[in-house]
Amino acid sequence: MALVVHVTGARPNFPKAAPVLKALSAYPVEQLLVHTGQHYDDKMSDVFFRQLGIPKPDVNLGVGSGAHGAQTAKVMEALEELFTQRRPDLVVVYGDVNSTVAAALVASKMGITFAHVEAGLRSFDMTMPEEINRLVTDKLSDLLLTTSTDAIAHLGNEGTAPEKIHFVGNPMIDTLLTHRERFDAEAVRADLGIEGDYLVATLHRPGNVDDPDDVRALVAAMHAVADQAQVVIPLHPRGRARLEEAGFLDHPGMRVVDPLGYLEFMGLVRGSVGVVTDSGGVQEETTILGVPCLTLRPNTERPVTITHGTNQLVTRDTLAERVREILAAGKLTQWSTPPLWDGHAGERIADVLAGSLGVTRS
């Protein structure tokens, strides 16, 4: 029986992997779920497996955090040993985190076929570590599974053979639609003691929280937002101390909470009047939920969320004015959504993977 190894490592990977694991179980293949441990605390990983009904990982490499090179090297070393012991027929990687590119490098060097779920996304910003991960992973991939038509165009422009590219839709949206009725905004509001309208913020990108000057500008911009409506921010461990030192909390409208589980966070977003983010996945989730999203970045690798969703790019200088417009407009009643973001991407991905292995449904 063919062995398919799924490599996950960070919070954004889990909602993408869940529908693929489920759909591929309809085929006569053995599946091995590997968690590299890149995100290793409960709220960043374990809770996802419980809430999304994903089986516990068969292997947890436990690499932990660290500098990009060190973390990637640890994952590569551990995966090389694993793939030597149990050689996969197919490796599946997700997204653009360090674990993704590490698995791609190991599989490629060992001559193992591998597929990249969420291939072809580009920000064209080489200062983003994720962009480097995307480029390297896609260059080496045997199967490139894309979520949007712009991703197909990027791969074509880079000379990727057309037969490698498969437009399958977005498996993270499968997970969102499956669990949508469990996103209880009122329960989260009560649990966190939130009254009245609020915005959600998620901020962790180096371009916003690494440089002291950027942090000061970010704090000023977010305080101008908090002048208009309270801001609830589940703060990533990365950059938290620096933001606090810069006076991020020195405003009565700023409310920092610990990272939330998937259902709780999505409930928080669903009940909000808008989101300020520098995250990729949040741009997609708000697009489906109809929540206005302000992406605090100069670019996005997910332009489909702008052309077919609720997202718009903002700068620190324009953020407060965009928030004012969102609050004045009120809740959205109509919005467009991207093609194939329909809840069936996992099934289409499973069909492509099974086809590459030459197997049919049980």
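The following legends accompany close-up views of a predicted model.

**View 1. Helix α7 against helix α13.**
Helix α7 spans residues 171–179 and helix α13 spans residues 280–289; their axes come within 10 Å and cross at roughly 50°. That angle makes α7 oblique to α13. The crossing of the pair is right-handed. On the α7 side the contact involves M172, I173, L176 and L177, which meet G281, E284, E285, I288 and L289 of α13. By class, the residues of this contact comprise 6 nonpolar, 1 polar and 2 charged.

**View 2. Helix α7 against helix α12.**
Two packed helices are described by the angle between their axes and the distance between the axes. For α7 and α12, the axes come within 12 Å and the crossing angle is roughly 80°. Because angles of 65 to 115 degrees count as roughly perpendicular, α7 is described as roughly perpendicular to α12. T175, L176 and H179 are the α7 residues that meet Y262, L263 and M266 of α12. The contact of α7 with α12 divides into 4 nonpolar and 2 polar residues, with no charged residue. L176 of α7 takes part in this contact and also in the contact with α13.

**View 3. Helix α4 against helix α5.**
The axes of helix α4 (residues 98–109) and α5 come within 9 Å, with a crossing angle of roughly 30°. The two helices are therefore roughly parallel to each other. Their crossing is left-handed. From α4, the contact draws on N98, T100, V101, A104, L105 and S108; from α5, it draws on N133, V136, T137 and L140. The contact of α4 with α5 contains 5 nonpolar and 5 polar residues and no charged residues.

**View 4. K109 in helix α4.**
K109 belongs to helix α4. With a relative accessibility of 68%, K109 counts as exposed. The C-alpha atoms of K109 and G271 lie 46 Å apart in space, and the two residues are 162 residues apart in sequence.

**View 5. The two faces of helix α8.**
Helix α8 runs over residues 185–192, and A185, V188, R189 and L192 are its buried residues. Viewed down the axis of α8, these buried residues fall within an arc of 100°, so they line one face of the helix. An α-helix has 3.6 residues a turn, so residues three or four places apart point the same way. The face of α8 turned away from the buried side carries the exposed residues E186, A190 and D191. Among the elements covering the buried residues of α8 are β8 (198–202), β10 (254–257) and α12 (262–270).

Helix α12 is mostly covered, with 7 of its 9 residues buried. The buried residues of α12 are Y262, L263, F265, M266, G267, L268 and V269. G267 lies within this helix and is itself buried, with a relative accessible area of 0%. When neighbours within four places in sequence are left aside, G267 is in contact with F183, D184, A185, V188 and Y198.

Most residues other than glycine have a negative phi, and most peptide bonds are trans. E118 has a phi near 85°, a positive value in a residue other than glycine. This residue is placed in strand β5, which covers residues 114–119. E118 is buried, with a relative accessible area of 4%.

**View 6. F124 in the loop between β5 and α5.**
F124 is found in the loop between β5 and α5, the latter comprising residues 129–140. Phi of F124 is near 60°, again a positive value in a residue other than glycine. F124 is exposed, with a relative accessible area of 61%.

Methods. Residues are numbered from 1 along each chain as its sequence is written. This is a predicted model: local features need pLDDT of at least 70, side-chain atom pairs count only at pLDDT 80 or more; totals for chains, interfaces and linings use all residues. Side-chain values use heavy atoms; hydrogens and water are left out. Axes are lines fitted to C-alpha atoms, for helices over the stretch in contact, and angles run from 0 to 180 degrees between N-to-C directions. Helices (H or I, at least four residues) and strands (E, at least two) are DSSP runs, numbered from the N terminus. Angles under 35 degrees count as roughly parallel, over 145 as roughly antiparallel, 65 to 115 as roughly perpendicular and the rest as oblique. A crossing is left-handed if the near helix is turned anticlockwise from the far one by less than a right angle, and right-handed if clockwise. Contact means heavy atoms within 4.5 Å. Ala, Val, Leu, Ile, Met, Phe, Trp, Tyr, Cys and Pro count as nonpolar, Asp, Glu, Lys and Arg as charged, and the others, Gly among them, as polar. Buried means under 20% relative accessible area, exposed over 50%, partly exposed in between (1.4 Å probe, protein chains only). The arc is that of the directions from the helix axis to the C-beta atoms.
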